[in-house]
There are 2 protein chains.
Amino acid sequence: MAKELKELTKRSVNYSQWYQDLVIKADLAENSAVRGCMVIKPYGYAIWEKMQRILDDMFKETGHVNAYFPLLIPKSFLSKEAEHVEGFAKECAVVTHYRLKTNHDGTGVVVDPAAKLEEELIIRPTSETIIWNTYRNWIQSYRDLPILCNQWANVMRWEMRTRLFLRTAEFLWQEGHTAHATREEAEIEAKKMQEVYANFAENYMAMPVIKGVKSASERFAGALDTYTIEAMMQDGKALQAGTSHFLGQNFGKAFDVTFIDKEGKSDYAWATSWGVSTRLIGALIMSHSDDNGLVLPPHLAPIQVVIVPIYRSEEQLAQISEKVNGIVANLKKMGISVKFDDADNKKPGWKFAEYELKGVPVRLAMGGRDLENNTIEVMRRDTLEKETITCDGIEEYVQNLLEEIQQNIFRKALDHRTASTITVDTYEEFKEKIEEGLFIMAHWDGTPETEEQIKNETKATIRCIPLAGDKTPGKCMVTGKPSAQRVLFARAY
Amino acid sequence: MAKELKELTKRSVNYSQWYQDLVIKADLAENSAVRGCMVIKPYGYAIWEKMQRILDDMFKETGHVNAYFPLLIPKSFLSKEAEHVEGFAKECAVVTHYRLKTNHDGTGVVVDPAAKLEEELIIRPTSETIIWNTYRNWIQSYRDLPILCNQWANVMRWEMRTRLFLRTAEFLWQEGHTAHATREEAEIEAKKMQEVYANFAENYMAMPVIKGVKSASERFAGALDTYTIEAMMQDGKALQAGTSHFLGQNFGKAFDVTFIDKEGKSDYAWATSWGVSTRLIGALIMSHSDDNGLVLPPHLAPIQVVIVPIYRSEEQLAQISEKVNGIVANLKKMGISVKFDDADNKKPGWKFAEYELKGVPVRLAMGGRDLENNTIEVMRRDTLEKETITCDGIEEYVQNLLEEIQQNIFRKALDHRTASTITVDTYEEFKEKIEEGLFIMAHWDGTPETEEQIKNETKATIRCIPLAGDKTPGKCMVTGKPSAQRVLFARAY
């Protein structure tokens, strides 16, 4: 283990390699035999399950229900919304046949040419088209609205350059798709879900985010407005962590979804869609983890507390176990996820390194002297600080410590972002500072041309037009034309 | 609603049409624009979510963890296990291209011939091949075993004749895939998961099942033994509700998954796989529901109790609501899922019919006189019996009633199965009785030839060789050759 740990590249040496190493060594995910598709290993999936459970509860609290729509979408559906097809056609996995036949000469199986589909099907890159085709039959009157559906599903976008969790051909996500009777209601919904995502990011992932709206060129293909939450990774790059789209009547019109309103007039339904994905696991890793391994926020850690016994004999282990089992039972009663690792084929030192790598927030260790003294050693993963304390009231101590760790890693990430966010007024300074891995607040003239120029010359994009903060107008740093407010620039994942 | 309800075909008239009507009218699922693929609507999906949660807890209690493997499988993987490819090649959706291109002449999108995959990918019909290809790298030593993974996923089998939930091209399921160091351990695992499924079927779905092992010709493609649970539907047909496969070393050998055992020798890993799917929702419907609509077991009902107010004025509604809100709060505290339907745009009669159709186990109704008398009307969905009782202790009454309904519908299904299961000794009687929709216990000589003959002549298949019950040997009803024990014959879904 010690040897393998050494192989975790230091962040200061190569941040990207550190990330890749950590995902593999912490057993979160790995590449599969299918290009761009990952295997999410049990420990990584356990984090996703925690995320799912929490988000699902939030969606239900805000009135949504789950449903499930087909994986495959007729090719023609994609073309019905002009911008949508431009956005997704280039990365579609296409199903053309529905049968293989076996060659009995031992050369395996071949596609059966007789089983060619009349119309090709694509694997959903996102489900607006198939869902709005379905909604057409669900919606006749304003009484049928709103429809507030969410779906947990896999989607596929044939990406050429993939990275585990951050960008994979197949990924898991949730996609909400809502239909409303009025523009206003749909806009409120889109903003509400942005709030839900921000709440989840900050209070569960301990990841501060900037809420904003995307510039036209960064919008979802088919949206009138895309609301986003943008997070800063440790290397100063931005990561788009969740988006919520106000789709106007684009899909209502494309799929002819009309309803009779309260006044008896026919109108097209208004739409939103919103999603977060397994990408969040990548964001989580790059927000908090360090050169020793993962640092997981207690609110999402699959194992919140691990207890390691340090013993010289079976008898001593039995004594320690008796003591520890009481603590385990109490912690479980408090809803804390705890593991007592008494496996005898691994040394305590190996276990310590392993749980550090896995980001378990609190590690307790009990040895012979602790047993005599009624004490226990507590290590917190975020600061690696150790202390030995009394066992009396250890459960409340641990509960409070978990909360403190949750707050501390949020604060740390927020401090980092604050220290790495600057305001810039000239394009020269911008070009210089963007190299340092910073969030830059700067004025922009609002045109896609200037945005494109900045992107081409600096690789920085407009992450969002922030909803909160300084709204003072100014002059575009590039063209000198009027700017309504500063916008957030950064290089991004 | 009254009109629509009338349109629910009676079971005695056409059982198959009744099923189809009910799935649609109770808003469980519908066909989609993609042939054979269904849309699972929110109410149907809510049942699936309940099933998932309970099964997932059961899997975790038996030591399993969740993971996620790729949707797409290289075509060549399928060929590596000879029987497996025979079983699945004929119903595979095949991905051949990874890009569409847009025609700017307005004719939409076409497949880009330049984006042809070197090797075709198939959408998983089941994941043994991609998972065992992954396990090769996870397993070196007996210390890495067992691996006990489960996956919740969508799969696709290109079925020509589909029926909502029962047989669809795409369906949702869970698939467990375990790897073991010994044959014995794998066999124990396969049988253990059959037990888990039987427990779930009987105690949550209220659906009695017969546990058995499949004959060779009914086995999963690639298995040495398939353990099954078989349920009887109301029409006397059998439904295979869950299977657990002992795969021997077939996939270990096909994918070269070896490990060093305790003695230092290399051996192939032993495998099991096991799964249940959204088909269970079809089984649930056909086990209990009636001509008025769904009958859901309380342990799986998304809404266990509905409360309908009957009022003449806003003031009266306010008084009733005050009283009902207290009951709602108490029921929720007891973990009971309850809905107070005070919507004012629907009449009580409409609501009654609606919740009957939706199979809500207990309906409470409170009117003005009830309010005066401190009473409430209780209707149980399974028997449609109504009574008016005091509000004092109504919560405990409802809790007990839910449990009684759960037991009652199980008993009813069991009684039906007992009354519809017969023992037959001659093939003449068999051919006559199989027309009546019965489970028939009969002797069989153990050969696939006789099995095939019976199937061709009667459409009945061997559902399983039961694990419990009469083990007396006898003579095959067709050939007169020796038979080890009676086996279960039925026509099946």
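**Two copies around one axis**

**Figure 1. Val95(A) at the rotation axis.** In this predicted model, the residue of chain A that comes closest to the rotation axis is Val95(A), with its C-alpha at 2.1 Å. What happens if you turn chain A by 180°? With a shift of 0.0 Å along the axis, chain A can be laid on chain B, and the RMSD is 0.0 Å. The two copies are thus related as by a two-fold rotation axis.

**Figure 2. Where the copies meet.** Take the interface residues of chain A and look for them in chain B: 100% of them are interface residues there too, so the copies meet through the same surface.

**Figure 3. The fold of chain A.** Count along chain A and you get 15 helices and 27 strands.

**Figure 4. Inside chain A.** Of its 493 residues, 59% count as buried. Now pick out the contacts between residues at least 6 apart in sequence: 68% of these join residues at least 24 apart.

**Figure 5. The surface and charges of chain A.** About 19800 Å² of chain A is accessible surface, and carbon and sulfur atoms account for 47% of that. As for charge, chain A carries 71 negative and 61 positive side chains. How far apart are the centres of the two sets? They lie 2 Å apart.

How values were computed. Residues are numbered from 1 along each chain as its sequence is written. Chains are lettered from A and ligands numbered from 1 in the order in which they are written. This is a predicted model: local features need pLDDT of at least 70, side-chain atom pairs count only at pLDDT 80 or more; totals for chains, interfaces and linings use all residues. Side-chain values use heavy atoms; hydrogens and water are left out. Helices (H or I, at least four residues) and strands (E, at least two) are DSSP runs, numbered from the N terminus. Buried means under 20% relative accessible area, exposed over 50%, partly exposed in between (1.4 Å probe, protein chains only). Contact means heavy atoms within 4.5 Å. Accessible areas come from the Shrake-Rupley method with a 1.4 Å probe; for residues, only the protein chains shown count as cover. Lys and Arg count as positive and Asp and Glu as negative; His and the chain ends are not counted. The place of a charge is taken as NZ of Lys, CZ of Arg, CG of Asp or CD of Glu. Copies are superposed by least squares on the C-alpha atoms of residues with pLDDT of at least 70 in both.
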